[in-house]
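Please open the model in your viewer and keep the selection tool handy. We will walk along the place where two chains meet.

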Amino acid sequence: MPESVLLVLADEHAGAAAQFVDAHHERGARLLRPLDLSSPGWSYRIGEPGASIAMVDGVRYPADCIRGVVTRLPCISGTQLPHVVPADRDYVAAEMSAFLLAWLSALSCPVLNRPQAPSLMGAGWRWEQWVRCAHGLGVPVVPLRREVRRDTPCSAAALPTLPPMTRVTLVGATPVGRGEPPLVGHARRLAAAAGASLLGLLFDGGRLAGVELWPDLADPAIAAAVLGELA
Amino acid sequence: MIPGERSAPVLLWGSPRDLPLAAVCTALSRLGTPMFFVDQTRVLDTELSFASDEHCSGWLRVGAQRCELSGVRAAYIRPDAVRLDSVARAGPGSALWRHAADIDDALASWLELTPALVLKCLSAMASNGSKPYQALLIRQAGFQGPDTLLTTDPGALREFQARHPRLIYKSQSGIRSIVARLDASDEARLARLATCPTQFQQYIPGRDYRVHVIGEEVYGHVITSDADDYRYAGASEVTMQPWPVPVPLAERLRGLAAALGLALAGIDLRRSSDSD
């Protein structure tokens with residue numbers, strides 16, 4: 001019987017993901033890279049995710065050996081497939097993304113963050129959507145106006161320039177470390193609205209000022225919380 | 001202008017060379033419906049500003065034409081991912097490229113926020129990017145689908161083929177492929193199966209139907225073709241005839257479109273020889 005594993009779907013050059021996997025390898029943490037999808041052995045029959053087979057670093061893992069997945073890629077990119085002929089990379093990347101969207105959505109084990117089409121790592125919201133959500137939930141938020149003009153280099157910045165900000169990182173509904181109750185409450189409501197189970201939120205003076213879709217897995221407290229959530 | 005009023009404009013986004021968009025423009029013109037066309041070929045002459053609040057108010061300018069966004073009552077969008085020649089030549093990282101990308105992103109963002117009706121809303125269309133994922137949603141809506149295997153394993157494929165002697169294969173993503181039957185001539189190519197999970201499906205013989213759900217209205221067509229993929233029938237004859245969708249099926253199809261978040265949906269059905 002293969003060991004029980006916790007997969008981290010990430011680019012092979014993602015430092016925080018690699019540190020997490022290295023630190024917790026004996027607890028079953030494994031890096032699932034785009035390259036792994038070019039291994040013989042993957043098998044998923046629609047409607048039977050429990051019978052699916054994943055190939056990770058050449059090792060075969062039936063679905064019931066996967067106790068959890070952390071997703072750190074919104075999609076597979078052609079630049080991550082140097083082993084594929086250049087003319088086919090974008091197509092193969094799209095096919096791999098489509099496969100992962102279906103497979104990860106159907107897995108019965110916990111997935112942080114479970115895909116929401118088109119993103120493999122939960123709601124791929126733009127900042128404007130977070131701001132609108134905050135408005136709708138009554139969460140104080142830094143006002144945002146999006147503006148695109150030919151004579152400005154980029155759209156209006158949303159983030160204030162006054163450090164420091166208060167960060168609230170949620171793993172499931174649990175804040176990592178101590179958090180100010182009002183901000184934790186805001187964070188939980190926003191995460192629930194977005195269907196996010198791993199999320200960092202930045203607050204400036206009590207107002208939502210930013211969102212971190214990639215909480216630092218190399219942070220021991222966040223890593224411990226992730227392992228606890230996927231235990 | 002107040003959204004919902006008949007004088008409020010319909011926003012159209014895409015290329016003037018897009019035939020469906022042109023057809024919608026023509027139809028709206030005949031109805032006397034005001035329109036605001038966001039011409040993608042004029043992206044470098046387009047500017048946009050809006051607030052991410054409950055009103056989502058702002059403005060959109062294309063050349064000398066300006067639209068107050070709070071007045072838009074509906075939108076029909078068919079943006080093309082292909083860049084203008086001038087933008088493509090300037091290349092990623094250039095000011096032109098950044099502007100074009102910013103406009104596309106900002107407008108896509110506004111379309112997710114606006115209370116106006118958006119046909120072909122990008123987020124709702126996202127399931128089209130993964131056919132097996134979409135198949136899960138379709139099954140959850142109560143429809144049957146062909147048995148489907150996604151695999152890089154020739155052994156798993158052979159087991160699947162033993163269960164279903166006739167198989168087809170096609171893309172999983174939104175990149176269109178021609179549906180093809182798996183036959184002996186594909187044997188040599190199976191060595192490349194490891195490159196990427198490939199989608200194989202049980203071949204369902206039967207007749208094709210194409211149904212469009214537009215709000216509460218349902219329009220059906222029956223398709224007659226000998227081709228594995230009628231969209232690419234080539235020299236083979238293809239006929240499409242209006243088909244009255246049975247009321248119970250129409251209700252289920254409206255439910256499916258609603259479950260997918262689509263106010264406008266094209267749904268392909270195949271009636272098997274045992275009437276399933």
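How many salt bridges are counted between chain B and chain A? The count is four, where a salt bridge is a side-chain nitrogen of Lys or Arg within 4 Å of a carboxyl oxygen of Asp or Glu. This is a predicted model, in which local features need pLDDT of at least 70, side-chain atom pairs count only at pLDDT 80 or more, and totals for chains, interfaces and linings use all residues. Residues are numbered from 1 along each chain as its sequence is written, chains are lettered from A and ligands numbered from 1 in the order in which they are written, and side-chain values use heavy atoms, with hydrogens and water left out.

Select A:Arg149 and B:Glu47 next: their side chains form a salt bridge at 3.8 Å, N to O.

Elements giving two or more residues to the side that touches chain A include strand S3 (46–51) and helix H3 (95–113) of chain B. H3(B) supplies the largest share, 11 residues.

Then show every contact residue (heavy atoms within 4.5 Å): 51 come from chain B and 42 from chain A.

Finish at the strands. Strand S3 (residues 43–45) of chain A pairs with S8(B) in the antiparallel sense over three bridges; pairing requires that DSSP finds at least two bridges between two strands. Pick A:Tyr44 and you will find its bridge partner, B:Leu150, in S8(B).

Methods: Helix = DSSP H or I, 4+ residues; strand = E, 2+ residues; numbered from the N terminus.
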